[in-house]
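User: I'd like to learn how to read a few features of this model with you. Could we go through them one at a time?

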Amino acid sequence: MKLEGRRTSDNVDDRRGMSAGKVGGLGIGGLIIVGLITWLMGGNPLEVISQSGALPQITGADGGEYTPTAEEEELAKFASQILAGTEDVWTEQFRAMGRKYVAPKLILFKSAVTSGCGNASSQTGPFYCSADQSVYLDLDFFANMKRDIGADGDFAYAYVIAHEVGHHVQNLLGTLGQAHQKMARVSQAESNQISVRLELQADYYAGVWAYHDNQKYGSLEDGDIEEALNAAKKIGDDYLQKKARGYSVPESFNHGTSEQRHRWLKKGLTTGRISGGDTFSPAYANL
């Protein structure tokens, strides 16, 4: 991506100097494993981690002062520039709809963090919390993307951030709250399907952002779109479950298949229209 000269966001809260120590009876290592297994099985790892009672301490991982590496600082600047780009694009898009865009906070953390939605570890992955309207990100996630699932590249990383901001857009438009209310009233299988619809729409909104960011700043370079589409495929429920245990359980999917995530992201990238991201009207089998 071409980001030279682009501004950084003022809405970044850097908490990388905070890490979690011992957690409940499992310890942080055991809890990470439980959270990861829960996520792969279609559950919500935040619920597991929140129930543990983990509390962050203002120390580095070795008990001393935390000092970020030069690579981490570059990634932090990159994340801030991407967030600024989402602010610019969504402010214009909301204005066109006669609405006001209120930007989310980006919380950078290391190892563990306390959010308005509960306590979480880095193994939870990036997430959006509607309770405090913030996106949470451990920058180590990007290295994990490359090492664990073969998804790499600056635009792939930008897609991850834009996807979480997409959930914020859903929150401001009322879609997220309505979906969560319905999820609380239906069976787990139906709840998972609603979750898939939310995730695919957030993928679409990430594509919409990229379309307009490129129109506005000429940010995309050769290979960028392929990086993001590859990442979308690699974080599909079917791909991750098969990678983890050799088979998938479709009824447990809560983010969408690789094909679905690839298709909805590409659709947003191609059209750039918010109105084209209705993932709630089609029959579930047709998503």
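User: Where do W90 and F94 both lie, and how many residues apart are they?

Analyst: One ground rule before that: this is a predicted model, in which local features need pLDDT of at least 70 and side-chain atom pairs count only at pLDDT 80 or more, while totals for chains, interfaces and linings use all residues. Residues are numbered from 1 along each chain as its sequence is written, and side-chain values use heavy atoms, with hydrogens and water left out. As a general idea, an α-helix has 3.6 residues a turn, so residues three or four places apart point the same way. Here, W90 and F94 both belong to helix 3 and are four residues apart, about one turn of the helix. Helices (H or I, at least four residues) and strands (E, at least two) are DSSP runs numbered from the N terminus.

User: How do I read the aromatic pair that W90 and F94 form?

Analyst: Rings of Phe, Tyr and Trp (its six-membered ring) pair if their centres lie within 6.5 Å; planes under 30 degrees apart are stacked, over 60 edge-to-face, and the rest tilted. By this rule there are eight aromatic pairs. The one between W90 and F94 is edge-to-face, with 6.4 Å centre to centre and 90° between the planes.

User: Are W90 and F94 buried or exposed?

Analyst: Buried means under 20% relative accessible area, exposed over 50%, and partly exposed in between (1.4 Å probe, protein chains only). W90 counts as buried because its relative accessibility is 1%, and F94 is buried with a relative accessible area of 1%. F94 also pairs with Y101: their ring centres are 5.2 Å apart and their planes at 65°, so this pair is edge-to-face. Both F94 and Y101 are buried. One aromatic cluster takes in W90, F94, Y101, Y204, Y205 and W264.

User: Which residues have the most contacts inside the largest nonpolar core?

Analyst: The general idea is that in soluble globular proteins, nonpolar side chains tend to be buried together. A nonpolar core is a set of buried Ala, Val, Leu, Ile, Met, Phe, Trp, Tyr and Cys residues joined through side-chain atoms within 4.5 Å. In this model the largest one has 57 residues, and W90, F142, F155 and W209 have the most contacts inside it. Apart from it lies another core of seven residues, among them F109, F127, C129 and Y136. Contact means heavy atoms within 4.5 Å. Not counting residues up to four places away in sequence, W90 touches Y101, V165, V169, Y205, V208, W209 and I274.

User: Which residues of helix 4 are buried, and why do they count as being on the same side?

Analyst: In helix 4 (residues 140-149), the buried ones are F142, N144, M145 and I149. They are on the same side of helix 4 because they cover an arc of only 155° around the axis, the arc being that of the directions from the helix axis to the C-beta atoms. K146 and R147, on the other side of helix 4, are exposed. The cover over its buried residues includes helix 3 (70-96), strand 8 (134-137), helix 5 (154-173), helix 8 (224-234) and helix 9 (237-245). After helix 4 comes G150, whose phi is positive, near 70°.

User: What does R6 lie over?

Analyst: A charge sits over a ring if NZ of Lys or CZ of Arg is within 6 Å of the ring centre and within 35 degrees of the ring normal. R6 lies over the face of Y217, at 3.8 Å from the ring centre. R6 is also one of the residues that Q81 touches; leaving out residues up to four places away in sequence, the others are L3, R7 and T8. Q81 lies in helix 3 and counts as buried at 7% relative accessibility.

User: How far apart in space are K2 and F155?

Analyst: K2 and F155 are 153 residues apart in sequence and 9.9 Å apart in space, C-alpha to C-alpha. K2 lies in the segment before strand 1 (12-15) and is partly exposed, at 43% relative accessibility. Leaving aside neighbours within four places in sequence, K2 is in contact with G218, S219 and E221.
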